[in-house]
Amino acid sequence: MTFEIVVRELNHHKDARIELPNERYIEELTKEFGEDWIEHDYEIVDVEDEYNIFNSFKLYGYESLDKLNKLAIRIEELCSNDHTIKILQSASEVYTNIDEVLELMESDELELYENLEADDLAEQFVDEGLFGDISDKMLMYIDYEKLGRDIMMDGNYYETKNGILEERR
């Protein structure tokens, strides 16, 4: 996963486009802006990535390029498949701090039940036996909508565009 960043050097009002992660971004910007660009202010004026991660966490403006590069490296390492990318996207709807989200992902404390609503999740939990053994006769009395609402009120489950995000702390 790559992030395309547009950096504006504010002293000369020049823009340069770089991709992160990139170990040589300072060299690329120095080539574009000149040797003294680091001494002047710069601004991240545009961020583009396929999944809109940096924009979702509001990582632009006067963010440190070093921080953005390190985040891009962590995201690239963590998001190796569609499911982990969807976890990160879903987490951006719930959390504001990307470092916290990445720490939760690194310790497997976030799970996404893709394309499920609360009542679907409740039914899945019952089917998996999370509420113990329930006889077939009793199953027809379960109100999955109410059970789903109670699960969501637990405080560890969040409805997102991609499904239900669970935080397991």
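Two strands pair if DSSP finds at least two bridges between them. Helices (H or I, at least four residues) and strands (E, at least two) are DSSP runs, numbered from the N terminus. The model is predicted: local features need pLDDT of at least 70, side-chain atom pairs count only at pLDDT 80 or more, and totals for chains, interfaces and linings use all residues. Residues are numbered from 1 along each chain as its sequence is written, and side-chain values use heavy atoms, with hydrogens and water left out.

**View A. Strands E2, E1 and E3 form an open, antiparallel sheet in that order.** Strand E2 (14-20) and strand E3 (42-48) are at the edges; each has a single partner strand, so one side of each lacks a neighbour in the sheet. From one strand to the next the twist averages 25°, where angles run from 0 to 180 degrees between N-to-C directions and axes are lines fitted to C-alpha atoms, for helices over the stretch in contact. Strand E1 (residues 3-9) is joined to E3 by six bridges, and the two run antiparallel. Glu9 has Tyr42 as its bridge partner in E3. Helix H1 (residues 25-33) packs on the sheet and touches E1 and E2, a contact being heavy atoms within 4.5 Å. The direction of H1 makes about 160° with that of E2.

**View B. Asp15 lies in strand E2.** Asp15 counts as partly exposed at 37% relative accessibility (buried is under 20% relative accessible area, exposed over 50%, partly exposed in between; 1.4 Å probe, protein chains only). The side chains of Asp15 and Arg8 make a polar contact (2.8 Å). A polar contact is a pair of N or O atoms within 3.5 Å; within protein, one must be able to donate a hydrogen and the other to accept it, and residues adjacent in sequence count only if both atoms are side-chain atoms. Beyond neighbours within four places in sequence, Asp15 contacts Val6, Val7, Arg8, Glu32, Phe33 and Val45.

**View C. Glu63 sits in the loop between helix H2 (53-56) and helix H3 (65-78).** With 19% relative accessibility, Glu63 counts as buried. Its side chain makes a polar contact with that of Lys67 (3.5 Å). Apart from neighbours within four places in sequence, Glu63 touches Tyr42, Ile44, Lys58 and Leu68.

**View D. The axes of helix H6 (residues 118-127) and helix H8 (residues 144-152) come within 7 Å and cross at roughly 95°.** H6 and H8 are therefore roughly perpendicular (65 to 115 degrees). Among the contacting residues are Leu121 and Phe125 of H6 and Leu147 and Ile151 of H8.

Notes: Parallel < 35°, antiparallel > 145°, perpendicular 65-115°, else oblique.
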